[in-house]
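Subject: Structure handover

Hello,

Here is the structure I said I would pass on. Please open it before reading the notes, which come after it.

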Amino acid sequence: MNPSATSSYPKHLGVLVDGNRRWAKERGLSTREGHAAGAARVVDLLHWCAELGIEDVTLYLLSTENLKRPAEELVGLTAVIENLLDQLLAAQTGPIYAVGNLSLLPDGLREHLEKTIRQSSSTRGVRINLAVGYGGRQEIVDAVKELLRDAARAGTDFKSLEQSLSTEDIASRLYTRHLPEPDLLIRTSGEQRLSGFLTWQSAYSEFYFCPALWPDFSREDLVSALEDYSRRHRRFGS
């Protein structure tokens, strides 16, 4: 790898890890086995990102829609995520953060996640942002609700709020308020949509759609996406 190439790579990478179930079905495996294979690939991805100088990685792991799946599948999926949290701690790739409405999560998963966040807080490396209990529209709704609560506590009337409201007022209340906006979003499995991932934050992001199912995603696939990004001229709305 040419070291100079990494200077034009994204600093914040978002990844929709899609295709676990399809990968399992093609191999006659269970959905849970597909999710487990996908979790292992997440650890690989974070090692590659550390090598390539990427500072933030946000991973779409569990959407609000996923939480509506049949109980048997949801139990298997949450177990895989809990196992992934243990793998991330062991890998010492970087500090772990949650991006989402944690109140929507099953109690066991939420407690495991909160414990992992505490235990990883002093770890150096790639900042790992796990989108769990996440939905882009719900995030904006929750940000507006927080804004209204803050205004009510401050005694701000609606007319004053309307006149002063800015995009920063919303952005500062998103789940990702501690993060820069993503430079590049990658979705695997060949699907070409964002499915509510970072709806607000991706306004000026670049997109890359990879045909590989997530468990098959390779370092070469990642580098191809980064190289493609480095050749683009970002216009930020123009």
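This is a predicted model: local features need pLDDT of at least 70, side-chain atom pairs count only at pLDDT 80 or more; totals for chains, interfaces and linings use all residues.

Strands

S5 has a parallel partner in strand S1 (residues 12–16), with 4 bridges between them. In that pairing, leucine 16 is opposite arginine 187. S5 also pairs with strand S6 (residues 206–209), again in the parallel sense and over 4 bridges.

Cores

The largest nonpolar core contains 47 residues. Those with the most contacts inside this core are Leu45, Leu59, Leu62, Leu88, Leu130 and Leu222. Leaving out residues up to four places away in sequence, leucine 222 touches Leu13, Leu45, Trp48, Cys49, Leu52, Ile186 and Phe217. Another core, of 11 residues, lies apart from the largest one and includes Val99, Tyr134, Tyr175 and Leu185. As general background, nonpolar side chains in soluble globular proteins tend to be buried together.

A loop residue

Valine 126 is in the loop between helix H4 (107–120) and strand S4 (127–134). Is valine 126 buried or exposed? Its relative accessible area is 3%, and the limit for buried is under 20%, so valine 126 counts as buried. Beyond residues up to four places away in sequence, valine 126 touches Leu46, Cys49, Ala50, Ile54, Glu55, Asp56, Val57, Thr93, Gly94 and Pro95. Aspartate 169 is 43 residues from valine 126 along the chain, and their C-alpha atoms are separated by 28 Å.

Salt bridges

There are 17 salt bridges in the structure. Side chains of opposite charge can pair when their charged atoms come close. Several of the bridges involve helix H5, which spans residues 136–154.

Aspartate 150 takes part in a salt bridge with arginine 153, at 2.5 Å from N to O. Both residues lie in H5, 3 residues apart, which is about one turn of the helix. Arginine 153 is exposed because its relative accessibility is 63%, whereas aspartate 150, at 23%, is partly exposed.

Aspartate 150 also meets arginine 173 in a salt bridge, at 3.0 Å from N to O. This pair links distant parts of the chain: arginine 173 is in the loop between H7 and S5, and aspartate 150, 23 residues apart from it, is in H5. Arginine 173 has a relative accessibility of 16% and therefore counts as buried.

Arginine 177 and glutamate 146 form a further salt bridge, at 3.1 Å from N to O. Here too, distant parts of the chain are linked, since arginine 177 is in the loop between helix H7 (167–171) and S5 and glutamate 146 is in H5, 31 residues apart. Arginine 177 is partly exposed, with 44% relative accessibility.

Elsewhere, salt bridges link Glu206, Asp228, Arg231 and Arg232 in a network.

Surface patch

Val144, Leu148 and Phe158 make a nonpolar surface patch of about 290 Å². Valine 144 is found in helix H5, and its relative accessibility of 32% means that it counts as partly exposed.

Regards

Terms used. Residues are numbered from 1 along each chain as its sequence is written. Side-chain values use heavy atoms; hydrogens and water are left out. Two strands pair if DSSP finds at least two bridges between them. Helices (H or I, at least four residues) and strands (E, at least two) are DSSP runs, numbered from the N terminus. Patches are made of residues with over 30% relative accessible area and no salt bridge: like charges are joined within 9 Å, nonpolar side chains (Val, Leu, Ile, Met, Phe, Trp, Tyr) within 5 Å. Accessible areas come from the Shrake-Rupley method with a 1.4 Å probe; for residues, only the protein chains shown count as cover. A salt bridge is a side-chain nitrogen of Lys or Arg within 4 Å of a carboxyl oxygen of Asp or Glu. Buried means under 20% relative accessible area, exposed over 50%, partly exposed in between (1.4 Å probe, protein chains only). A nonpolar core is a set of buried Ala, Val, Leu, Ile, Met, Phe, Trp, Tyr and Cys residues joined through side-chain atoms within 4.5 Å. Contact means heavy atoms within 4.5 Å.
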